[in-house]
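Please keep the sequence and the structure in view while reading.

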Amino acid sequence: MRLDLCYFEGNAQAIRMAHSLLKLNLTYAQVGCILKYTRPAYWQGPGPAAFSYLMNKHGFYLAEEEYVQTLRRELSLGEFHRFPLTYIMEAADDISYCIAGLEDSVEKNLYRGTIVPFLQKEWGSVVKGDLFEKVISQAFNKIRRYQGLHSCDQFFMYLRVNTVARLVPHAAQRFLDNLAPIYDGRFNQALLEDSSPAFRLLKIFKSVAFKHVFNHPEVEQLELQGYRVISGLLEIYNPLLEMSPADFQRLVTEDYHPAHPIASRLYHKLSAKHRLAYGEAMEAVNRYPAGQQSMMEFSYRARLIQDYISGMTDLYAWDEYRRLMAAE
């Protein structure tokens with residue numbers, strides 16, 4: 001239970017949002033496409049070697065385990081298996097976001113001059129006709145010839161077109177070459193994860209982003225501020241977790257508890273959809289043994305606060321933190 005609450009993961013939260021919070025009217029196949037990893041959040045230790053990649057991250061929380069079991073049954077998936085179309089979604093996600101981070105960094109002037117030398121350094125020696133020349137050099141030569149070296153938007157437009165033109169056919173061919181294990185859901189790697197030049201190209205995009213974007217002082221400063229904001233908000237809402245189960249149930253039922261005025265006001269700030277998810281979870285708490293019900297109630301309450309804070313945009317979280325800290 002503690003592990004399930006401590007290991008927040010965006011992929012697991014996506015399943016929770018689709019099913020428990022937003023209640024999207026999606027088919028099992030559609031939700032199966034976003035079940036990227038098959039490891040429960042409470043899982044301890046390494047998973048089976050045959051599913052090491054598929055269980056590389058947490059894919060769902062304990063609160064959604066029953067739904068995931070139903071999804072697997074409806075889609076005829078094994079316990080740690082993945083829905084076949086998820087491999088395509090993952091490849092599309094990798095291709096889209098491998099360039100987006102680099103483009104944002106250039107627009108924010110995190111590089112001096114062009115980004116091409118950084119990419120070439122990661123690639124190594126460029127050979128005529130290799131993928132670096134066909135994708136990156138070609139995009140750079142086009143803007144140098146027609147728009148001049150300062151046309152950042154045009155460079156990334158050409159780079160994106162060239163990257164998609166090379167990586168999408170490769171991912172499609174990998175899908176066909178491994179159709180049997182993919183259809184069964186046991187293919188234990190990403191479509192773009194192999195020894196090909198396409199994977200090498202994807203790796204240099206990610207490597208440059210990690211070394212020169214995510215570790216840039218300005219970006220690290222933002223992350224430290226974000227950590228302080230999130231930690232502060234969790235601390236501010238902690239009075240809701242300090243209440244006894246009986247007191248919190250009274251607060252939920254009556255919308256106020258005279259002995260807990262601060263907690264009552266904090267509860268009023270929680271959104272209706274998150275409070276509704278908590279209420280629906282509590283309706284089924286009686287199916288657990290009496291000795292476990294208070295523990296389950298506390299987990300639903302903790303998840304209620306996590307849902308609320310994780311659903312905030314960066315700006316809203318910053319404004320909320322400043323308001324509640326009386327910093328305005």
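The lining of the largest pocket takes at least two residues from each of helix 1 (2-6), helix 5, helix 10, helix 11 (217-236), helix 16 (290-310) and helix 17 (314-324). Helices here are DSSP runs of H or I with at least four residues, strands are runs of E with at least two, and both are numbered from the N terminus. A pocket is defined on a 1 Å grid over the protein atoms alone, as an open set of points where a 1.4 Å probe fits, with protein on both sides within 12 Å along at least five of seven lines; a lining residue has an atom within 4 Å of a point. Helix 11 gives the most to this lining of the largest pocket, namely ten residues.

The space in the largest pocket is about 820 Å³, where a volume is the space filled by probe spheres set on grid points that are joined across faces, edges and corners. The largest pocket is lined by 29 residues, and Leu-222, Glu-223, Gly-226, Ile-230 and Asp-314 are the closest to its centre. By class, the lining of the largest pocket holds 17 nonpolar, seven polar and five charged residues. In this scheme Ala, Val, Leu, Ile, Met, Phe, Trp, Tyr, Cys and Pro are nonpolar, Asp, Glu, Lys and Arg are charged, and the others, Gly among them, are polar.

The second largest pocket contains about 570 Å³ of space. Of its 28 lining residues, Ala-63, Glu-64, Ala-281, Arg-287 and Tyr-300 are the closest to the centre. Two or more residues of this lining come from each of helix 1, helix 2 (10-21), helix 4 (65-75), helix 15 (272-283) and helix 16. Helix 16 gives the most to the lining of the second largest pocket, with six residues. The lining of the second largest pocket comprises 13 nonpolar, five polar and ten charged residues. Domain 1 (1-75) and domain 3 (217-325) each supply at least three residues to the lining of the second largest pocket, the domain bounds being taken from an automatic or database domain assignment.

Residues are numbered from 1 along each chain as its sequence is written, and side-chain values use heavy atoms, with hydrogens and water left out. Because the model is predicted, local features need pLDDT of at least 70 and side-chain atom pairs count only at pLDDT 80 or more, whereas totals for chains, interfaces and linings use all residues.

How many salt bridges does the structure contain? The count comes to 17 salt bridges, each being a side-chain nitrogen of Lys or Arg within 4 Å of a carboxyl oxygen of Asp or Glu. One of them joins Asp-94 and Lys-206, whose closest N and O atoms are 3.7 Å apart. This pair links distant parts of the chain, with Asp-94 in helix 5 (residues 84-107) and Lys-206 in helix 10 (residues 197-214), 112 residues apart. Asp-94 is buried at 14% relative accessibility, while Lys-206 is partly exposed at 42%; buried means under 20% relative accessible area, exposed over 50%, and partly exposed in between (1.4 Å probe, protein chains only).

A second salt bridge forms between Lys-211 and Glu-122, at 2.7 Å from N to O. Lys-211 is in helix 10 and Glu-122 is in helix 6 (residues 116-123), so this pair ties together parts that are 89 residues apart in sequence. Lys-211 is partly exposed at 46% relative accessibility, and Glu-122 is partly exposed at 26%. Arg-186 and Asp-184 also form a salt bridge, at 2.9 Å from N to O.

The search of the whole structure for disulfides, defined as pairs of cysteine sulfur atoms within 2.5 Å, finds zero. Cys-33 is buried, with a relative accessible area of 13%, and Cys-98 is buried at 5%.

The protein chain has 17 helices and two strands, and 43% of its 328 residues count as buried. In the loop between helix 2 and helix 3 (28-34) lies Lys-23, a residue other than glycine with a positive phi near 50 degrees. Ser-76, in the loop between helix 4 and helix 5, has a positive phi of about 55 degrees although it is not a glycine. Ser-76 is exposed, with a relative accessible area of 67%.
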